[in-house]
Amino acid sequence: MKYSIIIPVYNRPDELDELLDSLTRQTFTDFEVVVVEDGSSISSETVCRKYAAQLPLHYFSKANSGPGQSRNYGAERASGDYLIVLDSDVVLPEGYLQAVERELQREEADAFGGSDAANDSFTDVQKAISYSMTSFFTTGGIRGGKKKLDKFYPRSFNMGIRKEVYESLGGFSKMRFGEDIDFSIRIFKGGYRCRLFPEAWVWHKRRTDFRKFFRQVYNSGIARINLYKKYPDSLKPVHMLPAVFTVGTLSCLLLSLLGLCLGICRLVWLPLLPLLLYVVLVFADATRFYRSLKIGLLSVCAAFVQLMGYGFGFIEAWWKRCVCRQDEFQAFEKNFYA
């Protein structure tokens with residue numbers, strides 16, 4: 001068996017249905033599917049039975065422990081030479097596995113990953129969120145874009161690794177936040193070869209509304225500080241930009257409000273000028289990309305949610321962990337997966 005596709009799932013049977021359907025359409029077929037139900041209250045077993053005759057599919061159910069430990073559970077039961085980890089909310093184009101195979105035939109890699117995109121069927125909000133998470137003007141292109149401010153680290157929504165390398169690294173850690181980046185860092189520190197496969201991209205639904213999206217990126221901001229505490233050299237200037245953006249945005253708004261209170265016209269609009277320029281930049285780029293004014297406007301909202309949500313999480317975690325010296329669990333007692 002060449003590839004084992006490992007999918008942890010938590011209360012998302014409908015999304016898993018779409019992912020499994022896309023796997024039945026792959027042009028490269030030397031693979032198995034390992035679905036790990038992570039203590040869900042809404043089971044995906046019926047969905048898996050639906051595809052049992054079309055896919056070499058293995059379904060396991062276990063107590064809730066989070067996606068990282070569920071991936072490890074699946075990896076222990078996988079038989080492929082390479083493990084491909086996918087989130088349950090992705091859909092694969094029919095040439096995904098063929099693209100992975102082509103890249104590995106061209107040049108070997110110990111670990112790899114690909115980028116993500118929005119499908120035409122996604123809602124306008126999902127497309128806007130996809131833009132904010134992949135654009136150079138929001139994330140610096142570090143999630144797999146051709147233009148990027150930092151090297152590529154595979155993420156768990158679309159990550160592949162040689163099974164023997166996975167086992168030598170001990171799989172995913174028990175970190176509550178950022179366990180996939182922790183794993184990627186350990187891949188590089190172990191001296192293994194990791195590559196971006198540009199053609200092995202997926203459609204990624206991410207969150208369905210801005211409230212859920214804010215929570216997701218807020219947790220990502222927390223994760224970055226937790227990773228810094230574990231690997232001090234992992235924190236790069238690009239990771240601090242959302243916090244700088246958040247402080248800058250709040251400062252601009254407060255200065256403008258002060259000008260309004262004092263009746264100083266210049267102090268009202270001058271602080272807002274950098275924000276307005278950024279709004280125009282994101283709106284124009286997203287509108288051009290999607291050819292939709294509505295998605296362009298929603299992308300502006302998504303960009304501010306993404307940057308400030310991450311920024312607030314980063315700042316809170318920095319205060320609790322670096323200033324107050326709390327440990328990870330002491331600083332954040334709430335269950336990340338709730």
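This is a predicted model: local features need pLDDT of at least 70, side-chain atom pairs count only at pLDDT 80 or more; totals for chains, interfaces and linings use all residues.
Local features need pLDDT of at least 70 and side-chain atom pairs pLDDT 80 or more, while totals for chains, interfaces and linings use all residues. Residues are numbered from 1 along each chain as its sequence is written, and side-chain values use heavy atoms, without hydrogens and water.

**View 1. Salt bridge between Lys-2 and Glu-101.** A salt bridge is a side-chain nitrogen of Lys or Arg within 4 Å of a carboxyl oxygen of Asp or Glu; the whole structure has 23. In this one the N to O distance is 2.7 Å. The pair joins the segment before β1 (3-9) to helix α4 (residues 96-106), 99 residues apart. Helices (H or I, at least four residues) and strands (E, at least two) are DSSP runs, numbered from the N terminus. Lys-2 counts as buried at 17% relative accessibility, and Glu-101 is buried at 11%. Buried means under 20% relative accessible area, exposed over 50%, and partly exposed in between (1.4 Å probe, protein chains only).

**View 2. Salt bridge between Arg-71 and Glu-179.** The closest N and O atoms are 3.0 Å apart. Arg-71 belongs to helix α3 and Glu-179 to helix α8 (residues 179-189), 108 residues apart. Arg-71 is buried at 2% relative accessibility, as is Glu-179 at 6%.

**View 3. Salt bridge between Lys-230 and Asp-182.** The closest N and O atoms lie 3.0 Å apart. Lys-230 is in helix α9 (residues 210-230) and Asp-182 in helix α8, so the bridge ties together parts 48 residues apart in sequence. Lys-230 is partly exposed at 41% relative accessibility, whereas Asp-182 is buried at 0%.
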